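Please read the points below with the sequence and the structure open beside you. They go from the whole chain to single residues.

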Amino acid sequence: MTQISEQALQAAVREYRDPYLQKNLYDLGAVKSLVADDVGKVTLMVELPYPSKGIAGGLKQLVANALENVAGVEAAEVHVAQKIHSYKVQKDLPSVPGVKNIIAVASGKGGVGKSTTAVNLALALQAEGARVGILDADIYGPSIGMMLGVPENKRPGVREEKYFLPMEAHGLQAMSMAFVTTDKTPMVWRGPMVSGAVMQLLQQTLWDELDYLIVDMPPGTGDIQLTLAQKVPVTGAVIVTTPQDIALLDGKRGIEMFRKVDIPVLGVVENMSVHICSNCGHEEHLFGEGGGERIADEYETTLLGQLPLHMTIREQTDGGAPTVVAVPDSEVALRYRDIARRVGAELSTRERNLSGAISSVSVKSH
């Protein structure tokens, strides 16, 4: 039998370039082992640093094909896992127990689909293999419970008379002020009370080994938002905007706010980028075109994705089954999953938090 060249095997593995991080598997530190046995079978173990279930199949096929073209190789088997680490937060704030990374989803103004984006991003990260929770920090207009289909009268469990057990919905761990009040409770609180309530929900919920906690921030860039951005240990922020000029101006304010408190902006999601007619499928840019890309270029950040204005997105979310779980194979759901991979990949390039990190769990995709 022909002796298999280790250099040739490594060269074959290097042919694959990660689509999100633009590096080969060796440069990513993703190759955990590469072994050839005496009958020509090669086994490769790969561990990616971000939620990547959606691309694992393609990676396995492409790399296995490259390996099988190496002289002497009879068969190649590729195993792909992922390992999510904890990354640094602003001003080295203490991390939240049970949470590796907190991602704030924010907008400079209301009405741009921030909460819809937040809940679908959380579900998309989960679909990509991560353990995910969502915190509804929009005290004045909490809507995450309704979007996740949590019954209005359902209340979270309490432990030791002081800790909340997060509600579970579609596999997500969720907490919202709506779970501990009723929709008739008037929220006439001042800023310090609001930020205090959010911090209490964050710190007194027993989150269970989350890779990511998505925080749906209140819309705007005022004192409440700034206080939360200063107090919550955030590893990165996602800005949601629409293409029209007024929303873009507010989106820029959101980026400036996070930069002021040393929170990295992972990128921009352009919502309602194009209207798709539910009858004929005609596409039209109702609110302008290319705005999200212009902001991303101006602030040297990433355009994470563009989402259409489509009636079914609203209907599915209002019905308690957001798009990612209602129609997981639809184009819109696949766009959310692409955004989720981009967010995770971008976060994986940041400096790790070695002080407060909880143990990482590998998720294998065979």
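Predicted model: local features only at pLDDT ≥ 70, side-chain atom pairs only at ≥ 80, totals over all residues.

1. The chain holds 11 helices and 16 strands. It has 366 residues, and 52% of them count as buried. The accessible surface comes to about 16,600 Å², with 48% of that belonging to carbon and sulfur atoms. Among the contacts with a separation of 6 or more, 76% are between residues 24 or more positions apart.

2. The open sheet. In which order do the strands of the open sheet lie? There are 8 strands, and the order is S8-S9-S5-S10-S4-S11-S12-S15. The pairing in this sheet is mixed. At the edges are strand S8 (167-169) and strand S15 (303-306), each of which pairs on one side only. From one strand to the next the twist averages 25°.

3. Strand S4 covers residues 99-106. Is S4 mostly covered or mostly open? S4 is mostly covered, with 8 of its 8 residues buried. S4 runs parallel to S10, and 6 bridges join the two. In that pair, valine 105 stands opposite aspartate 216 in S10. S4 also pairs with S11 in the parallel sense, over 4 bridges. Here alanine 106 stands opposite isoleucine 239 in S11.

4. The pair S5 and S9. Strand S5 takes in residues 132-136 and strand S9 residues 172-176. The two run parallel and are joined by 4 bridges.

5. A hairpin for comparison. Strand S1 (residues 31-36) and strand S2 (residues 41-48) pair in the antiparallel sense, over 5 bridges. Serine 33 has methionine 45 in S2 as its bridge partner. Between the strands of this hairpin there are 4 residues. Glycine 40 in the hairpin takes a positive phi near 90°.

6. Helix H3 (residues 114-127) lies across S4, S5, S9, S10, S11 and S12. H3 runs at about 170° to S10. Helix H11 (residues 331-347) lies across S4, S10, S11, S12 and S15, and runs at about 175° to S15.

7. How the two helices meet. At what angle do H3 and H11 pack? The angle is about 75°, and their axes are 8 Å apart. H3 is therefore roughly perpendicular to H11, since angles of 65 to 115 degrees count as such. On the H3 side, the contact includes Thr116, Asn120, Leu121 and Leu125. On the H11 side, it includes Tyr336, Arg337, Ile339 and Val343. The residues of the contact of H3 with H11 divide into 8 nonpolar, 3 polar and 1 charged.

8. Most residues other than glycine have a negative phi. Two residues deserve a check on this account. Histidine 170 is not a glycine, but has a positive phi of about 55°. Histidine 170 lies in the loop between S8 and S9. Its relative accessibility is 35%, so histidine 170 counts as partly exposed. Aspartate 262 has a positive phi too, near 65°. Aspartate 262 is found in the loop between helix H7 (245-260) and S12. With a relative accessible area of 49%, aspartate 262 is partly exposed, because exposed would mean over 50%.

9. Where does leucine 354 lie? Leucine 354 is in the loop between H11 and strand S16 (363-365). Is leucine 354 buried or exposed? Its relative accessible area is 76%, so leucine 354 is exposed. Leucine 354 and tyrosine 87 are 267 residues apart along the chain, while their C-alpha atoms are separated by 7.9 Å.

Notes:
Residues numbered from 1 in each chain as written. Heavy atoms only, no water. Pairing = 2+ DSSP bridges. Axes fitted to C-alpha atoms, helices over the stretch in contact; angles between N-to-C directions. Contact = heavy atoms within 4.5 Å. Parallel < 35°, antiparallel > 145°, perpendicular 65-115°, else oblique. Nonpolar A, V, L, I, M, F, W, Y, C, P; charged D, E, K, R; others polar. Buried < 20%, exposed > 50% of the residue type's maximum accessible area, 1.4 Å probe, protein only. Areas by Shrake-Rupley, 256 points an atom, 1.4 Å probe, with all protein chains shown as cover.
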